[in-house]
Amino acid sequence: MGYTTAFVGKGGVGKTTLAAQLVRFLVARKKGSVLAVDADPNNNLHLALGISAPRTIGEVREELASDTLSNPAISKERIVEYKLQELLVEEKGFSLLAMGRPEGQGCYCYVNHILRRYLDILQNDFSYVVIDTEAGMEHLSRRTTKDVDLMLIVSQPTESSLLAVERIASLARKLPISVKAMAVILNMVTPPLSEKITERIKSISLEIVSVVPYDSRISGFGIADENENICPPLESLFEGIASKKRF
Ligand SMILES: Nc1ncnc2c1ncn2[C@@H]1O[C@H](COP(=O)(O)OP(=O)(O)O)[C@@H](O)[C@H]1O
Ligand SMILES: [Mg+2]
């Protein structure tokens, strides 16, 4: 089973940036096979990873549900499998799968059933799965983010961002999803970090596993080519993930 890390948090806190950094780290250090999952409907993980836009599961789901692909000679399941294989972009030493938009109106039960099974199988094919999620908690309730080894809640040292941390942690603890560990990354921090913030996170029984400074080289996705060193505060966290640590 691939070790699955999900980046969650409020919009604009750095989920995509940090997820891309983790993917690059695992690839550059040759830690094993990596599946990057873009679970944000406004998919942009590919931009942070420097590859072109992939087709999405959402697009394939629409095609399948509209039944334009019916062919009596081939089972629908085979068509789905074939289509999904096409979706997986393999470039620069990792694979990328983009979820795209969630379903609209109509009957998607059958298609969703196959999709979920495919995703479960896919997770097992890789040493690491890195999921970049959309802002907020929708994906938790929709259960696109389930069976996660480590949920990293990314937050800036701001009130609204910390409020989101509290809400996400509380919801993740309530929902019937399997999250083995949860921790906080504080991002875009201009030192000194106030003790109030660390105390507040401690008070909801979460550990801060990394404090990443505001770094103008990171803004605008102008980050690290593969050879560039990883930001030091992320290094030990990423090494822990690479060793499939139980946080
Ligand atoms: N540590 C950092 N220092 C400076 N800019 C950052 C840092 N982390 C992220 N950013 C920038 O902040 C913006 C939002 O980051 P992004 O990863 O898209 O957030 P999210 O995915 O949570 O919406 C991007 O322009 C990104 O380059
Ligand atoms: Mg994002």
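**Figure 1. Val 179 in strand β7.** Val 179 lies in strand β7 (helices, H or I with at least four residues, and strands, E with at least two, are DSSP runs numbered from the N terminus). This is a predicted model, in which local features need pLDDT of at least 70, side-chain atom pairs count only at pLDDT 80 or more, and totals for chains, interfaces and linings use all residues. Residues are numbered from 1 along each chain as its sequence is written, while chains are lettered from A and ligands numbered from 1 in the order in which they are written. Why is Val 179 classed as buried? Val 179 is buried because 20 other C-beta atoms lie within 10 Å; the class requires 20 or more such atoms within 10 Å of the residue's own, exposed residues have 12 or fewer, partly exposed ones fall in between, and C-beta atoms are placed from the backbone. Leaving aside neighbours within four places in sequence, Val 179 is in contact with Val 148, Met 151 and Ala 172 (a contact means that the two C-beta atoms, placed from the backbone, lie within 7 Å). The C-alpha atoms of Val 179 and Thr 4 are separated by 9.7 Å, although the two residues are 175 residues apart along the chain.

**Figure 2. Strand β6 and its partners.** Strand β6 (residues 148-155) is mostly covered, with eight of its eight residues buried. Strand β1 (residues 3-9) runs parallel to β6 and is joined to it by five bridges (two strands pair if DSSP finds at least two bridges between them). In this pairing, Ala 6 has Met 151 of β6 as its bridge partner. Strand β7 (residues 179-189) is also parallel to β6, and seven bridges join the two. Here the bridge partner of Ile 153 is Val 184 in β7. From β6 the chain crosses through helix α7 (residues 159-174) to β7, forming a right-handed β-α-β crossover; right-handed means that, with the strands pointing away from the viewer, the path from the first strand over the helix to the second runs clockwise.

Figure 3. In helix α9 (residues 232-242), the buried residues are Leu 234, Leu 237, Phe 238 and Ile 241. These residues lie on the same side of α9 because they cover an arc of only 100° around the axis, the arc being that of the directions from the helix axis to the C-beta atoms. They pack against β1, α1 (15-28), β6 and β8 (208-213). Pro 232 and Ser 236, on the other side of α9, are exposed. Just after the helix, Lys 244 takes a positive phi of about 55°.

**Figure 4. The largest nonpolar core.** This core has 57 residues, and Leu 22, Val 23, Ala 36, Val 37, Val 130, Met 151 and Ile 153 have the most contacts inside it (a nonpolar core is a set of buried Ala, Val, Leu, Ile, Met, Phe, Trp, Tyr and Cys residues joined through C-beta atoms within 7 Å). Helix α1 gives the most to the core, with seven residues. Not counting residues up to four places away in sequence, Ala 36 touches Val 23, Leu 45, Leu 49, Phe 94, Leu 96 and Val 130.

**Figure 5. Asn 124 in helix α5.** Asn 124 lies in helix α5 (residues 109-124). Asn 124 counts as exposed because it has 9 C-beta neighbours inside 10 Å. Apart from neighbours within four places in sequence, Asn 124 is in contact with Met 1 and Gly 2. The C-alpha atoms of Asn 124 and Met 1 are separated by 4.5 Å, while the residues are 123 residues apart along the chain.
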